[in-house]
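Visitor: Please take one part of this model and go through it closely. I would like the helix packing, with the criteria stated as you go.

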Amino acid sequence: MTMIFGHRGLSSMYPENTMAAFKGAYDDGMDGIELDVHMTKDGEIVVIHDFFMDRTTDGIGYIKDLKFKDIKKHSAGKWFNEKFSLEKVSSLQEIFEYFKDKNFKINVEIKAGYRFYENIEEKIINNIYKYYKKENIIISSFDHYSLLKCKEIDSTLETGALYEAALFNPWTYMKSIKVDYIHPQYLTLTDEVIEDSKKEGYKINTYTVDDVDAIKRLISKDINIIFTNKTYG
Ligand code: G3P
Ligand code: CA
């Protein structure tokens, strides 16, 4: 049965990647959320899409150059709507602690792995061990070095490889990076790719689908997870 995940939370109605957006997805009855993480100068894993503050907060500068306490001084919601001005950038720990008893699935997308943020995989995985249930987590990334690193740390953690291109026979490559799922951009999903991926043993988690007809088609094809910004009641 296809699961629906709120992409950056219920981000069509709330400021993306904020606690409000995640609570919105949960209250809407979604199966889970997708969120993006970076690492601060003082080693905190924080939930924000971009490498820098500028677009989604009233602060400026790169996450890697800022301490968590300084990031917390800024609004992460005002840019979306004044009524969300009290929203802040959350740590991954804060999100995990809020949902830990709710049987809610979380896809953690690592925006850049260890070659950019030292030991980010260890820090994320320690957060999972301390504050969440491993079986309710999928780690995804466009940085496939990072996914392999996660598997080296804990082979039982589920990983999914994000990609945008219409890859030829993607499973040949996916086996080499040991992922559990493939996370293709949905427009690349022809019927043939869907069937072949299943035959090769890969479940598909696809992004970011806001078109109702596309969602219906993907559900009829028994796609595992659909990431969407919207609510469909
Ligand atoms: O999970 C897929 C999707 O989130 C990847 O793209 O830019 O929205 O993080 P982006
Ligand atoms: Ca993402």
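**Helix packing around α3**

Guide: Helix α1 (residues 19-27) packs against helix α3 (residues 92-99) at an angle of about 30°, and their axes lie 11 Å apart. This is a predicted model, in which local features need pLDDT of at least 70, side-chain atom pairs count only at pLDDT 80 or more, and totals for chains, interfaces and linings use all residues. Residues are numbered from 1 along each chain as its sequence is written, chains are lettered from A and ligands numbered from 1 in the order in which they are written, and side-chain values use heavy atoms, with hydrogens and water left out.

Helices (H or I, at least four residues) and strands (E, at least two) are DSSP runs numbered from the N terminus. Axes are lines fitted to C-alpha atoms, for helices over the stretch in contact, and angles run from 0 to 180 degrees between N-to-C directions. Angles under 35 degrees count as roughly parallel, over 145 as roughly antiparallel, 65 to 115 as roughly perpendicular and the rest as oblique. Helices α1 and α3 are therefore roughly parallel to each other.

On the α1 side, M19, F22, K23 and Y26 meet E94, I95, Y98 and F99 of α3, where contact means heavy atoms within 4.5 Å. The residues of this contact divide into six nonpolar, no polar and two charged. In this classification Ala, Val, Leu, Ile, Met, Phe, Trp, Tyr, Cys and Pro count as nonpolar, Asp, Glu, Lys and Arg as charged, and the others, Gly among them, as polar.

Helix α3 also packs with helix α4 (residues 120-131): their axes come within 10 Å and cross at roughly 25°. By the angle criterion, α3 and α4 are therefore roughly parallel to each other. The crossing of α3 and α4 is right-handed. Here α3 contributes L92, Q93, F96 and E97, and α4 contributes I124, N127, I128 and Y131. By class, the contact of α3 with α4 has five nonpolar, two polar and one charged residues.

Methods: A crossing is left-handed if the near helix is turned anticlockwise from the far one by less than a right angle, and right-handed if clockwise.
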